[in-house]
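Please brief me on this model, topic by topic.

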Amino acid sequence: MIESTVDLRGRRFGHVDFGGPGRPLLALHGSFGRGSQYARLAADLGPEFRVLALDQRGHGRSEHGGDFGRAEFVADAAEFLRHLDLGPLPVLGHSLGGLNAFQLAARHPDLVSSLIVEDFGAVMRTPEVEHPELDLTGWPLLADSEAELRAAVARLVPVVDYFMASAIETAQGWRLCFDHADLAATQRGGLGDHWPDWLAVRCPILLLRGQHSPMLPAALAADMVRPGVELVELPGCGHWIHDDDPAGFAAAVRGFLHRAA
């Protein structure tokens, strides 16, 4: 695994190349995540596939602050693909990354050969999704130890490991490697009706839904199926399918990439 930085569109971005001789796959993480979280998927898909993961704006080792609107996230991903210069690639995205991925495919069809969307719908708002935003009130800013930070996060969310993957140690103490204001803006920017972009995608699509996901209701997922869209529901999983069933997630991704080749 090689972690690097690159300047794109006047901003600094972190990214991870998990290496190997296989076919490249771009992976876009969800809100509160980072590219290194795809290490398990990269191991499961290798050496047949080479996972490249971008730390999206405001996340991981990428620059904080600025505009967190839809157009900016999509333009970042498009520029990163141009920087890679590997031709049209399959693109996988979880949650926020899934939205960015299908908007990228809709708006830059020359850059995306196939699309995998993990647990994000064509609509992100109430009443379709009961709680479309995570309330950041009371979230820890700084802790004296990793254990203290983990305990604080555990009091707020049930999926501690996902968030703790973004924990870093600084001279001041342990913190999560994003700014709360950035993530609040990121969540707000993802709200709304995204049907036009979803329907504009012309490449093959795999839509993955966790059986117990609160973020992608079963009825909405069913409505998103059309010619070229394959819906797979993973039993026992919530919103973070790649953590809840990493082997099943990798198997679904691998099978689709073979079929879409």
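Leucine 28 has leucine 54 as its bridge partner in strand 4. The model is predicted: local features need pLDDT of at least 70, side-chain atom pairs count only at pLDDT 80 or more, and totals for chains, interfaces and linings use all residues. Residues are numbered from 1 along each chain as its sequence is written, and side-chain values use heavy atoms, with hydrogens and water left out.

**Strand pairing**

- Helices (H or I, at least four residues) and strands (E, at least two) are DSSP runs, numbered from the N terminus.
- Two strands pair if DSSP finds at least two bridges between them.
- Strand 3 (residues 23-28) and strand 4 run parallel, joined by six bridges.
- Arginine 23 is paired with phenylalanine 49 in strand 4.
- Strand 3 also runs parallel to strand 5, with three bridges between them.
- There, leucine 26 stands opposite valine 91 of strand 5.
- Strand 2 (residues 11-17) is antiparallel to strand 4, and three bridges join them.
- Valine 16 faces alanine 53 of strand 4.

**Burial of the strands**

- Buried means under 20% relative accessible area, exposed means over 50%, and partly exposed lies in between (1.4 Å probe, protein chains only).
- Strand 3 is largely enclosed by the rest of the structure, because five of its six residues are buried.
- Strand 4 (residues 49-54) is mostly covered, with five of its six residues buried.

**Largest pocket**

- The largest pocket holds about 510 Å³ of space.
- Its lining has 26 residues, and the closest to the pocket centre are Leu134, Gln187, Met215, His239 and Trp240.
- A pocket is an open set of points on a 1 Å grid over the protein atoms alone, where a 1.4 Å probe fits, with protein on both sides within 12 Å along at least five of seven lines; lining residues have an atom within 4 Å of a point.
- Grid points are joined across faces, edges and corners, and the volume is the space filled by probe spheres set on the points.
- Helix 3 (96-107), helix 5 (160-164) and helix 6 (180-189) each give at least two residues to the lining of the largest pocket.
- That lining has 16 nonpolar, eight polar and two charged residues.
- Ala, Val, Leu, Ile, Met, Phe, Trp, Tyr, Cys and Pro count as nonpolar, Asp, Glu, Lys and Arg as charged, and the others, Gly among them, as polar.

**Serine 95**

- Serine 95 sits in the loop between strand 5 (89-94) and helix 3.
- Its relative accessibility is 10%, so serine 95 counts as buried.
- Beyond its neighbours within four places in sequence, serine 95 is in contact (heavy atoms within 4.5 Å) with Gly30, Glu118, Asp119, Phe120 and His239.
- The phi of serine 95 is near 55°, a positive value in a residue other than glycine.

**Other backbone points**

- Most residues other than glycine have a negative phi, and most peptide bonds are trans.
- Aspartate 85 also has a positive phi, near 55°.
- Aspartate 85 lies in the loop between helix 2 (70-84) and strand 5, and counts as exposed because its relative accessibility is 66%.
- Glycine 46 and proline 47 are joined by a cis peptide bond, with omega near 0°.
- Proline 47 belongs to the loop between helix 1 and strand 4.
- The peptide bond from threonine 126 to proline 127 is cis, with omega about 5°.
- Proline 127 is in the loop between strand 7 (123-124) and helix 4 (146-154).

**Glutamate 48**

- Glutamate 48 is in the loop between helix 1 and strand 4.
- At 34% relative accessibility, this residue is partly exposed.
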